[in-house]
Amino acid sequence: MAEFVSVPGGIIAYETAGEGPLVVLAHGMGDSRTAYRFVLPRLVAAGYRVAAVDLRGCGESSAQWPSYSRTDIAGDLLAVIRHIDSGPAVLVGHSISGGAATIAAAQDPGLVRGIIELGPFTRAQSIKLGDFRSKSYRKGAFRLLGASLFGSVGLWSRYLDHAYPGRKPADWTDRLAGIEAMLGEPGRMRAMQKMGQSAPTDAGAQLGNVRCPALIVQGSLDPDWVDPRAEGEAIVAAMPAGVGELAVVEGAGHYPHDQYPEETVSLMLAFLEAHVRA
């Protein structure tokens with residue numbers, strides 16, 4: 001059952017479950033809080049209060065906003081924590097929300113006790129011509145670009161199929177149908193396009209200001225980078241010494257929490273036990 005919080009420009013939807021230290025889950029662009037359907041119950045069972053958020057423009061949140069930057073999303077996530085009045089929280093952010101988690105941690109360290117970033121776009125991307133020699137990277141990049149430029153739900157679905165290399169979730173058909181239905185609602189695809197066009201420079205500028213513990217999780221086969229491990233290492237290196245750590249989920253693509261939930265949640269719980277319950 002969704003709950004709602006008003007922020008400047010619209011309404012943010014979220015759902016909560018469980019009792020214990022607060023963990024806030026934020027999905028990537030073109031998605032909704034259902035991306036964490038396998039993660040939320042596992043965290044609740046482990047003794048955490050979990051809030052899964054629909055980003056601005058997504059799910060049950062308002063569709064149309066003035067802008068959709070990582071800084072905007074960070075503000076929304078901090079507003080949810082304040083509204084729940086159960087912080088400080090650990091923020092879990094996927095893709096664009098990984099960058100938002102970085103910004104939120106830097107802006108309000110009193111509300112954010114740790115961040116977990118899954119396949120994050122958290123720093124400016126330096127694309128080299130030679131990167132397109134990688135078939136996986138090339139295919140994903142063109143499908144992403146096409147979906148963003150043309151507002152094509154079909155190209156986005158083809159990107160998602162590529163972003164989940166190998167095994168798919170058991171409910172894959174329903175998962176895709178749900179995403180396609182959401183993006184068919186007025187304003188939703190436009191929101192995704194605007195997110196895709198927002199540069200992660202605002203997040204990259206805050207990496208050096210993160211003081212809380214941070215876990216970066218990359219899928220070893222994530223097609224959004226030629227070398228996903230190197231991208232994760234670069235994010236950790238841009239943080240203050242000793243703040244960040246990197247973990248790689250072997251065989252996973254851009255959605256390790258959905259494709260390999262057991263392995264991803266195990267990494268998350270180890271981080272939470274070390275930095276929240278210690």
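This is a predicted model: local features need pLDDT of at least 70, side-chain atom pairs count only at pLDDT 80 or more; totals for chains, interfaces and linings use all residues.
Local features were taken at pLDDT of at least 70 and side-chain atom pairs only at pLDDT 80 or more, whereas totals for chains, interfaces and linings use all residues. Residues are numbered from 1 along each chain as its sequence is written, and side-chain values use heavy atoms, with hydrogens and water left out.

A salt bridge was taken as a side-chain nitrogen of Lys or Arg within 4 Å of a carboxyl oxygen of Asp or Glu. The count under this rule is 16. One of these joins Asp76 to Arg56, with an N to O distance of 2.7 Å. Asp76 lies in helix 2 (residues 70-84) and Arg56 in the loop between strand 4 (49-53) and helix 2, so that the pair links distant parts of the chain, 20 residues apart. Helices (H or I, at least four residues) and strands (E, at least two) are DSSP runs, numbered from the N terminus. Asp76 and Arg56 are both buried, where buried means under 20% relative accessible area, exposed over 50%, and partly exposed in between (1.4 Å probe, protein chains only).

Asp258 is buried because its relative accessible area is 1%, and Arg175 counts as buried at 7%. Through shared partners, salt bridges join Asp31, Arg37, Asp171, Arg175 and Asp258 into one network.

Asp161 and Lys168 form a salt bridge at 3.6 Å, N to O. Asp161 is partly exposed because its relative accessibility is 39%, and Lys168 is partly exposed at 28%.
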